[in-house]
Structure formats: structure tokens, C-alpha cells
Amino acid sequence: MPPATAGKIMLVGIGPGSVEHMTARARAAIAEADVVIGYVTYIKLVADLLEGKEIIRKSMTEELDRAVSALEAARAGKKVALISSGDAGVYGMAGPTYEVLFQSGWTPDDPVQVEIVPGASALNSCAALVGAPLTHDFCAISLSDLLTPWPTIARRLDAVAMADFVVALYNPKSGRRTRQIVEAQRLFLRHRRADTPVAIVKSAYRRRENIVFTTLDRMADADIGMLSTVLIGNSNTFVRNGLMVTPRGYANKYDMEEGGTTRAGEKAGRSLSTGLLGWLDTLQAEHAAGASIAALAARHRLPADYIAATLAEPWADEAVPAGEGEA
């Protein structure tokens with residue numbers, strides 16, 4: 001006979017691990033849970049919140065088992081908190097759990113409810129400890145090849161290194177996986193300066209927290225493990241007074257040494273003169289002056305077919321109604 005009340009799976013991101021950095025909803029979800037499931041280390045991080053709970057501890061490589069256990073308990077009418085460090089949707093348990101749910105025939109209309117409780121991911125907590133490295137475009141890449149082919153990881157590393165993203169490397173090194181961080185360094189050095197700032201944060205906001213500032217050419221020599229997150233700056237990132245900062249780009253438009261006045265040729269609240277419309281003007285002029293598609297592609301480091309399609313597309317600088325410019 002089915003239970004009188006259907007259960008619920010709460011995928012709880014506990015943040016970096018310290019209770020004061022958990023959201024109120026994350027703490028409430030654990031409080032209302034009948035069962036708490038998680039990797040043994042994560043269970044220890046929330047031990048003070050687990051009195052009276054049924055605890056299911058799993059090892060690092062048993063993600064699918066955790067999800068299956070959560071579904072079984074929820075089918076039995078229990079409320080389950082399936083915990084992940086950081087955010088459950090960022091290299092956490094949300095993805096594996098949905099895979100198990102869908103395979104079982106679950107749909108959003110199922111009596112078993114699912115809630116994702118967001119938390120601060122490692123890149124957020126580590127960035128907060130070292131300054132403001134993620135103020136401009138960034139991405140995260142895991143170096144774990146347990147489930148992802150290395151050529152796929154390498155292509156992603158090469159692409160983001162060339163595109164000048166700030167990058168957070170997850171799962172950078174373990175006892176068995178020691179060469180991946182060296183290969184990542186090699187790929188980045190193809191596109192980035194050797195003195196590009198790097199911050200390595202281990203166990204952020206936990207008892208053994210450790211922070212090291214280094215440079216790209218020395219990154220692989222640092223003490224890095226599975227509890228580390230590696231933050232690699234872009235071409236504008238700098239370290240000053242022990243803080244790693246990536247500028248947002250205000251200096252491109254405003255003269256910061258002259259009280260923030262708008263630079264010549266720029267307009268407050270409008271795209272840069274080198275933004276899309278300004279660049280299209282330049283591209284058209286260069287092509288009209290005789291530059292080939294191949295030469296333009298090389299000059300702007302963009303695919304030739306993209307340059308050709310852009311030049312072939314008619315466009316006009318549409319007026320922006322008053323008050324609707326970007327802040």
C-alpha cells in the first residue's frame with residue numbers, strides 16, 4: 001500500500017561548509033528532513049543540524065547511489081535532504097538525481113516533490129576570500145576525467161584560455177590525478193602571459209583553509225588537491241595589497257584619473273565605440289579598403305565564415321528611446 005503522504009527530495013546546497021554561510025532555507029530544509037543523505041565529509045560539516053535524523057553516508061564515487069537512496073526514501077513518504085557542498089546544481093547532486101528520477105519514470109506531476117535549494121558554489125566562496133576576481137566574464141571547468149574524456153576537457157580549456165575568460169578550475173588534482181593540472185597549465189600558457197595572476201584556495205571557510213597567490217607559470221608547483229579551487233585571472237586581472245581583482249571595464253569608457261569623465265568618442269549609457277555597432281563600422285570600412293575576409297578574420301581573431309556573414313548582413317544603428325540606455 002502506498003504511503004498516505006508522498007515524500008519530498010530537497011537537493012540542498014550547503015555552501016562552503018560553515019553553518020553561517022548556509023542560507024536560511026538550506027538550514028530549514030535540513031531541519032524539516034526525516035532523512036539526510038550525503039558524502040561523508042559533507043555530513044560532518046552539518047553534524048550540528050542532524051540530531052534525530054536518519055543519516056545515510058556515501059563515499060565520493062557513489063553519487064547515483066545517493067540519488068537512488070533519496071528516491072527510495074521519498075517513495076516511502078519521507079522528506080529527504082540530499083546535501084551537496086557549494087550549490088547542488090554546480091558539479092553537485094541535482095544532475096545525477098534528475099537522471100535517476102527520469103529513468104524511474106518520474107515527472108514534475110509525480111507525488112514525490114523535488115526542490116533545489118541553492119547555495120554559494122566554491123567559485124563564489126573562494127573569490128570572496130581573495131578579492132574580486134570574477135567581476136568580469138568567467139567560467140568553471142572541472143579537471144576530473146572520471147566521467148568526461150580528456151580531449152573534451154582540453155578543448156574547453158584551450159577555448160576559454162584563448163577567449164580570455166577568468167577561469168575557476170574545479171577538481172584540479174587528486175592522489176591519482178596529478179597530471180591534469182600540468183596539462184591545463186600548458187594549454188593556458190599558449191594564450192596567456194606567464195605572470196597571469198592565479199589564486200589557489202583550499203577548504204574555503206573551513207578549519208584548514210589555505211590561500212596561495214601565484215602566477216600561471218608556477219601554478220602547477222603549488223600545493224593543490226581535491227579540496228582546492230584554482231582561480232586563473234584574465235589579461236586584465238591584477239593582485240594588489242594581497243587582493244586579486246578583475247576590472248569590470250569602466251576605464252575603457254571613463255577617465256578614472258579625471259574624476260570619471262567620459263572619454264572622447266564615448267557616450268554614457270551607450271555601447272562602447274568599439275562595441276558591436278562601432279566594430280561593424282570599422283569592419284565595413286576595412287573591407288571596403290581592400291582587406292580580405294581571411295585578413296579580417298585573422299586581425300580580429302574570429303572565424304572567417306562569421307566575418308563573411310556579418311559583412312553580408314544589412315544593419316542600421318537603431319535609435320534608443322530616451323531613458324532606455326544601459327546603466
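Student: What is a nonpolar core?
Tutor: This is a predicted model. The term covers buried Ala, Val, Leu, Ile, Met, Phe, Trp, Tyr and Cys residues. They are joined through side-chain atoms within 4.5 Å.

Student: Which residues touch the most other members of the largest nonpolar core?
Tutor: That core has 22 residues. The residues that touch the most other members are L157, L169, F188, V230 and I232.

Student: Which residues is L157 in contact with, leaving aside its neighbours within four places in sequence?
Tutor: L157 is among the residues that touch the most other core members. Its contacts beyond those neighbours are I141, L143, W150, L169, A184, L187 and F188.

Student: How many residues are in the second, separate core?
Tutor: Its members include L11, A70, L101 and W106. The count for this core is 18 residues.

Student: How many disulfides does a search of the whole structure find?
Tutor: A disulfide needs two cysteine sulfur atoms within 2.5 Å. For C126, the nearest cysteine sulfur is that of C139, 15 Å away. C139 is in no disulfide either. The search finds 0.

Student: Is C139 buried or exposed?
Tutor: Buried means under 20% relative accessible area. C126 has 3%, so C126 is buried. C139 has 17%, so C139 too is buried.

Conventions. Residues are numbered from 1 along each chain as its sequence is written. This is a predicted model: local features need pLDDT of at least 70, side-chain atom pairs count only at pLDDT 80 or more; totals for chains, interfaces and linings use all residues. Side-chain values use heavy atoms; hydrogens and water are left out. Buried means under 20% relative accessible area, exposed over 50%, partly exposed in between (1.4 Å probe, protein chains only). Contact means heavy atoms within 4.5 Å.
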